[in-house]
Amino acid sequence: MQLIYEQSTPGRRGVKLPKTDVPAASALPESLLRKERAGLAEVSELDLVRHFTNLSRRNFSVDTNFYPLGSCTMKYNAKVLENAAALFAPFHPMTALLPGGEEFCQGTLGMLYDLGQLLADITGMDEVTTQPLAGAHGEMTGIMLVAAYHAAKGNKAKKKYVVVPDSSHGTNPASAAIAGYEIITVPTAPYGDMDLELFKKAMSDEVAAVMMTCPNTLGLFNPHIKEISDIAHSFDALMYYDGANLNAIMGKVKPGDIGFDVIHVNLHKTFGTPHGGGGPGSGPVGVKKALIPFLPQPRIVMDSAGKLLLETANPGTIGRTANFFGNFGVMAKAYAYIIMLGREGLIQVSEQAVLNANYIKEKLKGHYDLPYDMTCMHEVVFSASKQLEHGVHAIDIAKFLIDRGYHPPTVYFPMIVKEAIMIEPTETESKATMDAFIEVMIEAAQTAESNPQALHDAPLTMPISRLDETKAAREQNVCCAW
Amino acid sequence: MSMYFTKEHEWVKVAGTTGTVGISDHAAHELGDITFVELPKIGAVVKQFGELGSIESVKAASDIFSPLSGTVIKVNDALEIAPEVVNESAEDAAWMAQIEITDEAELKNLMTQEQYNDYLKTL
């Protein structure tokens, strides 16, 4: 396929504008003018439409194929949610921020307020800010709230550490480090969760927070989570819940009920909005009462008459964390998703997601090593260690799956599992889709024994063959080739 | 010159009061193709089993821990430009830092080559 620049023909154009019949605006200073042409491709509108349509057909998406990327919850994003977001398109976010502007924005502010209330109900928190723009941004906001809480108690200098398990998402320790904390990492016990005894040893008055993902990145729900919360609280350390895996527990457990004080939620995972290249994310943060004074501003509050107002003058706030009100369109979709499914529907989502993951686990565990062999939640982590005996790595199986029309599962994460293959089917896949995937995974395991080279050569059906990831990482020279 | 290992797969070669530190062949092999090595600053004071630097491969990013307490006196800058040396010669050319050892008694917390080989068999 040619680059759009390679299709350029001098003089060809997509749009021809009429000559201006009004005086040109005052010219820009000479120093700001281009010395040479911008070098854009000269193509017709049809050339352009064909080029990008053909390019888009090479894209892989959940709308075209099964996408069992572990820890990412790549569920189907219902198209009706796009319509819900479009309803809000005429409104300008600045209106609410003008003096007296709230008066004209009771509907839009109401959507944000209600979404916050619904998320607070689902997670067992007292209040939710919808400002953060994505999961990691939510983490950063959450940890800043933790820091503000300790600082307000005069413990800023004393609270130096944040404790994470070694199975945590890399963003957890990263967010805590950016907020100025040192990280204590606790190893995983043979039962697949943070080692309780080692955790107890790691705890002290100097720990500001414990960051947990529950179920964790092995897809396992920590049976000691309440005890961990109690121990943390006994040292005045706050419990942070990474909401990446919330899809597993909706309507079953509220993180607030098992001792968590702060949570971020990935709307683009659990609540059915597109993510990655498909659209921006959104990472609302929920908190318990003690942290409300520190929430970002403007905070949407309801007065006694039921009118929504913006609170903008709270001295305790960590400040604004996003322009306007965050990624509003994403929130409109998530709001519609929650309303559409309702309480019963969300419970069913989690039950089906967990059932699907366990189905895949049972069907594949004879073919792949299952390092933590127990009932999983919404995702299952295998190891390609059996295949490694034939020289086949997790990456080779991933590439083979691409040839068969599947997005590879997450590989090499969590890092505590050698040659990890992390599969998350989500609730939106049928048994037939999963059966077809299982068959291909079994074929990959058999091919690893009979013809390992075939897996090393994959993918063969794609526009480009196996990429040299090492070279790409070592020689980071990105430049225009035309 | 004696060589000692940590459970986290770092090695240290001790000559007098100087320790030369790197990661083991086993670790380099497990990490796969190394793409980036972050070295400590000269003058940095490190604790035994405390963070010394970090290393990235196509699969993972990992911390490098110091086998002994001391002060960093020299670093192997060449690894920043040519991280592949770690895959080619982890226990020799790809040394990462030299430290002035502050407490030789800490050696008792490390494994000898023989003990490390036995340890690898248990993994």
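Among contacts in chain B between residues at least 6 apart in sequence, 61% join residues at least 24 apart. Two residues are in contact if their C-beta atoms, placed from the backbone, lie within 7 Å. The model is predicted: local features need pLDDT of at least 70, side-chain atom pairs count only at pLDDT 80 or more, and totals for chains, interfaces and linings use all residues. Residues are numbered from 1 along each chain as its sequence is written, with chains lettered from A and ligands numbered from 1 in the order in which they are written.

Chain B holds four helices and ten strands. Helices (H or I, at least four residues) and strands (E, at least two) are DSSP runs, numbered from the N terminus. Along the sequence, their order is β-β-β-α-β-β-β-β-β-α-α-β-β-α. The radius of gyration of chain B, taken over C-alpha atoms, is 13 Å. Of the 123 residues of chain B, 37% count as buried. A residue is buried if 20 or more other C-beta atoms lie within 10 Å of its own, exposed if 12 or fewer, and partly exposed in between; C-beta atoms are placed from the backbone.

Chain A is assigned domain 1 (1-14 + 38-58), domain 2 (80-339) and domain 3 (351-473). These bounds come from an automatic or database domain assignment. The C-alpha centres of domain 1 and domain 2 of chain A are 43 Å apart.

The largest nonpolar core has 116 residues. Such a core is a set of buried Ala, Val, Leu, Ile, Met, Phe, Trp, Tyr and Cys residues joined through C-beta atoms within 7 Å. Residues with the most contacts inside it include Val146(A), Tyr240(A) and Ile397(A). Helix H9 (residues 328-364) of chain A gives the largest share, 14 residues. Domain 2 and domain 3 of chain A both contribute, so this core lies between them. Ile397(A) touches Ile421(A), Ala444(A) and Leu455(A), among others, not counting residues up to four places away in sequence. A second, separate core of 29 residues includes Val21(B), Phe65(B), Val72(B) and Trp95(B).

Helix H4(A) is mostly covered, with 14 of its 18 residues buried. Gly154(A) follows H4(A) and has a positive phi, near 80°.

Methods: The radius of gyration is taken over C-alpha atoms; the globule rule is 2.2 Å times the number of residues to the power 0.38.
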